[in-house]
Amino acid sequence: MERKKQYYTTITRRLLIAFFCLSILPIVSFAWIMKDAVEETNIIKLQELTTSTIEHRTEVISQFLQDKINLLSLLVSIYPQDYLFNLENIEKLFLAMNSGGDIVDLQVIDVSGNQHGYVGPYRDKIKGKTYSNAPWFMETLISGVHVSDVFTGYRDTPHFVVAVTDPLKTYVLRATINSSMFNALLHSAQLGPNGDAFIVNRAGVLQTPGLLNRPELSATEKELISFDNISSSLVTEDNIYATRWIDKGHWLLVLKANIDDSLGYYLRLRDRIILIVVIISIISMSAATFASVSLSRNFEHSDKEYAALNQQFAQVEKMATVGRLAAGIAHEINNPLQMITNQAGWIGELLPDEDPSQIKNLEEYNRAVEQIKHHVQRAGTITHRLLGFSRKMSTQQESVKINDLIEETISFVDREASYNNINIVRNLAENLPATMTDGPQLQQVFLNLINNAIDAVGQNGEIQIHTRFGKNNKLVVEFADSGRGIPPENIKHLFDPFFTTKDPGKGTGLGLYISYDIIQKLGGTITAENQNSGGAVFTIVLPVISFGSKI
Amino acid sequence: MMHEFSVLVVDDEEEFRDLTVRILLKRGLSARGAASGQEALEILESSHTDVVLLDVKMPGIDGIETLGEIRKRKPLIEVVLLTGHASVESGIDGMKLGAFDYLMKPIEIESLLDKLEQAYEKKRLQQEKIEQAQIKKHMAMPG
């Protein structure tokens, strides 16, 4: 039984695995591939966008700075030194060139670092300061043209300057760039809320404030952008970085795009795919589970039916074999029995001829002869019953009302039952059709079953007799008792001839065998089982045969 | 009071046949044995017999066939069938063919004798009827 259960569990499991492999696995793999493909496409697109944006920004910023350099160079080449050393002239020039507000101030410094003119808001702070030691100043004198890093200087505000010298390097013309204007150029390049655009110098120091308000770069970012990757962009787990050198490699423009920012659409799509996959998986898994379980249930059911049918066939076959065997044995025994009774009879015939005075134990001999005859008769009764000879030669057909037959049978045993305090409960269906059958033989079966039930109950109990109209035009009669039931190992042998659990001499073991035989001949079936409540129940199923039809 | 009549015991089993014959003789009947159907038919041709005790199952021509022959040749002789086996069909066949009764082994000698006597009684009554009919016939045809 346990093995059988395991077998059906295995079937269920295999079916489930098959269903899983055939339905869910493909869906999930497809969804997974789709997800990866969409993600990858998205990154490639973002990379392209980043590259084109940085190209454009590089151009704009370089152009901006070049414009300022060109402007200052133009002033130096057009105006003589004396003109530029005059503050009024500088003011005029500043007003003329700074209509857009790109420049914060304009300053003229001679080669030794002394100021010769300043136009701008920081006049007071830089008054009287010399620039001979300022790094940007020295760099300008060396290179002729210079764009400084961001520094604080005398004015205490971070800023950067564009400066040029005259060809003879006698003075420096310097302009401070409007940081907010310059930063705006960068910040318009921002890609997404977590994107960033900033400029670092070669040392990795931020030259423009990033959009994310960080004072300086993280170590990983510094490392990531420490090399020039003009051709390709750098993709990390969360971000895409694109970098371009500007101002002849002096500064590095960095554009950072956050992948998650641009993934909005993709993420929604992915969530939807996952949701759909999960729903489909749940539906198909439940369907598969349902199908597998019900399929294996069906298997189990039909296997059981098949086994039961097989058992039934085996029982019929066995009973037929046993019947033939018993008949054969009975036949072989009858001849010797006849000889025994004849020989005893012969002794009985001869004894009266003897002289009684010569035979000491004449009475004993006569008694022995009678006993031999008696026991032969007993044995003969058994062989005759086995051979069915005591039964009618042919089944007679008459219209029988089962309920009446049962009532009549009960009347035979009522006295014995009430003597043992056994209550016979009738539970007889009304309006049962009468059937053409052999009433006396059927009654023999009923009587046998009721007697067995009385024996099984012993004392103080109940016998229930239940009749009903069953499926396929059959009459069903059940005899249930409140006894101890039939031991499971005995159920198989119940209808075998000579199988008895009664005390020796009390039962021949032929009652149920003959009952079985009779019911079989009447076209019905008889089965025995134990009730859940404990007692045994015998069920007879008989066909309803209407007058004139044959079995 | 038992009438004296003659019985032919037909059985292939010698011990049974001889013992039965001896018992019948002891009871004052006239009895003979025959080991086969063939032999029985020969004896019936040559000597007087009232009742035949016939075993159904024998080698050669069996009881039922023998019965048929007896009924054909000697319709007045009554036949009691005796068998050790349970063939209900052969019993029915036997009765149809006109056997007096069908007995099942083992049967006590008393019961057997009763049955044989009943058979003889039937035969005797029938014979009487026939004889009376013949007398009537003779009386109806004087001279």
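## A helix pair within chain A

In this predicted model, the axes of helix 12 (residues 439-457) and helix 14 (residues 511-521), both of chain A, come within 9 Å and cross at roughly 145 degrees. The crossing of helix 12 of chain A and helix 14 of chain A is left-handed.

On the side of helix 12 of chain A, the contact is made by A:Q441, A:Q444, A:V445, A:N448, A:L449 and A:N452, and helix 14 of chain A contributes A:G511, A:S515, A:I518 and A:I519. Sorted by class, the contact of helix 12 of chain A with helix 14 of chain A holds 4 nonpolar and 6 polar residues, with no charged residues.

## A helix pair between the chains

Helix 9 (residues 264-350) of chain A and helix 1 (residues 14-26) of chain B have axes that come within 10 Å and cross at roughly 30 degrees. Because angles under 35 degrees count as roughly parallel, helix 9 of chain A and helix 1 of chain B are roughly parallel to each other. Their crossing, that of helix 9 of chain A and helix 1 of chain B, is left-handed.

Which residues of the two helices meet? From helix 9 of chain A come A:Q338, A:M339, A:N342, A:Q343, A:G345, A:W346 and A:E349, and these meet B:E15, B:F16, B:L19, B:T20, B:R22, B:I23 and B:K26 in helix 1 of chain B. By class, the contact of helix 9 of chain A with helix 1 of chain B has 5 nonpolar, 5 polar and 4 charged residues.

## Makeup of chain A

Chain A has 551 residues, of which 27% count as buried, and its secondary structure comes to 14 helices and 16 strands. Among the contacts in chain A with a separation of 6 or more, 65% are accounted for by residues 24 or more positions apart.

## Makeup of chain B

Chain B has 5 helices and 5 strands, and from the N terminus on its elements run β-α-β-α-β-α-β-α-β-α. Of the 143 residues of chain B, 39% count as buried, while residues 24 or more positions apart account for 62% of the contacts in chain B with a separation of 6 or more.

Key. Residues are numbered from 1 along each chain as its sequence is written. Chains are lettered from A and ligands numbered from 1 in the order in which they are written. This is a predicted model: local features need pLDDT of at least 70, side-chain atom pairs count only at pLDDT 80 or more; totals for chains, interfaces and linings use all residues. Axes are lines fitted to C-alpha atoms, for helices over the stretch in contact, and angles run from 0 to 180 degrees between N-to-C directions. Helices (H or I, at least four residues) and strands (E, at least two) are DSSP runs, numbered from the N terminus. Angles under 35 degrees count as roughly parallel, over 145 as roughly antiparallel, 65 to 115 as roughly perpendicular and the rest as oblique. A crossing is left-handed if the near helix is turned anticlockwise from the far one by less than a right angle, and right-handed if clockwise. Two residues are in contact if their C-beta atoms, placed from the backbone, lie within 7 Å. Ala, Val, Leu, Ile, Met, Phe, Trp, Tyr, Cys and Pro count as nonpolar, Asp, Glu, Lys and Arg as charged, and the others, Gly among them, as polar. A residue is buried if 20 or more other C-beta atoms lie within 10 Å of its own, exposed if 12 or fewer, and partly exposed in between; C-beta atoms are placed from the backbone.
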